[in-house]
Amino acid sequence: MKADGQESRKWRYCKGLGPPLLLFGLLVSVLIYALQYRLRGDVQYDDTIIREWIEESRAFRYSLPELIRQYFQERTRGEEPVRTQHLLECIQEHLMTLGEITRTYQSQLPLFPLIYRLTLELKPTQQLLVWDSQLPKRSGQVEERQFVLFDSGANQAKLSIQFQLHAYAQRQESIAAQENRVRSWLSLLALMAAVLAVLWVLAFMQTERRRDAEKFKAQQDLELQEKQTLEERIRREQAEREREESDRHLLEVKIKSQETESQALMLKSQLYANIGIMAGSYAHNIKNLMVRPNDLIQRCLKQVPSGHALSPLLHEMQQTLHLVTERTQQILNTVRRDPTRAELKPLDLCPLLREVYHSWYSMAEQKWKIEMQLDLPESALWIEGDASHLVQTFENLLFNARDAIFELRNQLREQARHPAVQDPDAQKQALIAAAAWRGKIEIHAQIQSSRVKVSIRDNGIGMNEEVKQKCTETHFSTKRHHAGYEGLNTGMGLGLSFVLAVLEKHQGELQIQSHPHQGSQFDLFFPRAAEPHVA
């Protein structure tokens, strides 16, 4: 790890010292390029002077490029060879004139170069026209240039010149002086570059020290962050353990709740069994007790003549006893089966509700002083149900409605007997109103989408919110404190429990609407079934 740190530091130093060295090299390269450009500028200046001398000098009213152009034009047109040869001779004399002047008057032309040799090459004839000064050449001072004087693709004229500048020595001294100045400038720039490099190194060292300090601080911050991360992980692990403990506790509570529900189901099953045993015992005893009255009425009918006044009454008593015996047998058949073991089969509720209605209509009108109404649709109400359980369910709700009406009727009579204002007339009117008040039970059935709804509504005492929430609990009853029918029924709190058990096996639902002194409405919902096909 330490070796890696040292290598990284060396690499940073290399990167820190590299820029000043690169800057120094760049400055030297720029100066060298400027010097070369200056010298190259002198060469271009010499070339320009020589080209102008060649193109502008006129020995026979024409310059050398014009003579060459005329030569190629005559040759292209196919003129007489004499004319072409004459032009070649003119070009040769022009070359000689150019060269002789520089040789003859070289002392009078100190600024013009000294011409040693002129060579003109003409293509495509490959003819060479040469003029040579026969002067001795100084080694290292002779330069050579080539100029294209004519070029038309197929025809080309190229002039080669060997020359020497008269001011060569002066130029050499000038170049030496210029080089000395360049060296001075380079030394100055090198010194400035060295100073800049030292300043750069000092700044770099300061930057490195600041970077080391920042790195040390970052290391401390990283260690602090790791410490905080470790503490956070410890807290998360602690929270995870607490959550696991909470989940374990919730699981234990759930297991206990399931055990409680299992015990409740067992108690419920035992309750239904006890109810079945008790109701079966009562129904069996009643059935046995009905044997003797049926026999006595049968004997009386045999003794009384057919036209006697007691004969219709005896026949009515016999029909009533037969109805009671039949209903007792039905109750006995029903309670022998657990409501949780219903035998479901396709069933139309309309005939069943009519049967219940006709069974209790006369007694409700004559003895209970209660008006009953039945509202059924014209179409059948098919469900999957158990007829005996459903009959018991509807009759339980009718008994509850009857008891609620009796309770409100008794309350109205008590209030009429003990009015708040001690006024005989007011008490009399209250008694008349209480006596005129009549109970009412409505049975209504209809189809709602995929369900069948049966509503049983009464205008009895009603229930407050607390009673409505508890009325379906097993053994809960308000009839222990408020006498029901004729003060004889105190209630066991099993009716609505039985209703819920039947609805559960029928996949039904119970909804209750009730308010104190405004009656109650029990809505039963059953899944709608398809009409069975008769073979």
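A salt bridge is taken here as a side-chain nitrogen of Lys or Arg within 4 Å of a carboxyl oxygen of Asp or Glu. In the predicted model described here, Glu 442 and Lys 440 meet this rule, their closest N and O atoms being 3.3 Å apart. Glu 442 is partly exposed, at 30% relative accessibility, and Lys 440 is likewise classed as partly exposed, with a relative accessible area of 28%. By the rule given above, the count comes to 13 salt bridges.

The overall composition of the model is as follows. The secondary structure of the protein consists of 11 helices and 11 strands. The protein has 535 residues, of which 30% count as buried. The accessible surface comes to about 34800 Å², and carbon and sulfur atoms account for 55% of that area. Of the contacts between residues at least 6 apart in sequence, 69% join residues at least 24 apart.

Further salt bridges were examined individually. Side chains of opposite charge can pair when their charged atoms come close. Glu 208 forms a salt bridge with Arg 211, with 3.2 Å between the closest N and O atoms. Both residues belong to helix α4 (residues 168-289), and because they are 3 residues apart, about one helical turn separates them. Glu 208 counts as buried, since its relative accessibility is 1%, whereas Arg 211 is partly exposed, with a relative accessible area of 38%.

A further pair is formed by Arg 438 and Glu 365, whose closest N and O atoms are 3.7 Å apart. Arg 438 is partly exposed, with a relative accessible area of 41%. Glu 365 is also partly exposed, its relative accessible area being 24%. Elsewhere, a network of salt bridges links Glu 245, Arg 248 and Glu 252.

The patch covers about 890 Å² and is made by Trp 185, Leu 188, Leu 191, Met 192, Val 195, Leu 196, Val 198, Leu 199 and Leu 202. One of these residues, Met 192, is part of helix α4. With a relative accessibility of 44%, Met 192 counts as partly exposed.

Strands of a sheet pair through backbone hydrogen bonds, either parallel or antiparallel. Strand β3 (residues 143-151) and strand β4 (residues 156-164) pair in the antiparallel sense, with 8 bridges between them. Within this pairing, Arg 145 has Ile 161 of β4 as its bridge partner. The hairpin of β3 and β4 has 4 residues between the strands, and Gly 153 in this hairpin takes a positive phi near 95 degrees.

An open sheet is formed by 5 strands in the order β6-β8-β9-β11-β10, with mixed pairing. β6 (370-375) and β10 (509-514) are the edge strands, each of which pairs on one side only. On average, neighbouring strands of this sheet are turned by 15 degrees against each other, direction ignored. β10 and strand β11 (residues 520-527) run antiparallel and are joined by 6 bridges. In this pairing, Gln 513 has Gln 521 of β11 as its bridge partner. Helix α8 packs on the sheet, where it touches β6, β8, β9 (451-458) and β11, and the direction of α8 makes about 145 degrees with that of β8.

Asn 396 is located in helix α8, which spans residues 387-417. Its relative accessibility is 18%, so Asn 396 counts as buried, the cut-off for this class being under 20% relative accessible area. Apart from its neighbours within four places in sequence, Asn 396 is in contact with Gly 495, Phe 498 and Val 499. Phe 498 and Val 499 are among the buried residues of helix α11 (residues 495-505), which also include Leu 496, Ser 497, Ala 501, Val 502 and Leu 503. Gln 507, which follows α11, has a positive phi near 55 degrees.

Key
Residues numbered from 1 in each chain as written. Predicted model: local features only at pLDDT ≥ 70, side-chain atom pairs only at ≥ 80, totals over all residues. Heavy atoms only, no water. Helix = DSSP H or I, 4+ residues; strand = E, 2+ residues; numbered from the N terminus. Buried < 20%, exposed > 50% of the residue type's maximum accessible area, 1.4 Å probe, protein only. Pairing = 2+ DSSP bridges. Contact = heavy atoms within 4.5 Å. Patch = residues over 30% accessible without salt bridge, like charges linked within 9 Å, V, L, I, M, F, W, Y side chains within 5 Å. Areas by Shrake-Rupley, 256 points an atom, 1.4 Å probe, with all protein chains shown as cover. Axes fitted to C-alpha atoms, helices over the stretch in contact; angles between N-to-C directions.
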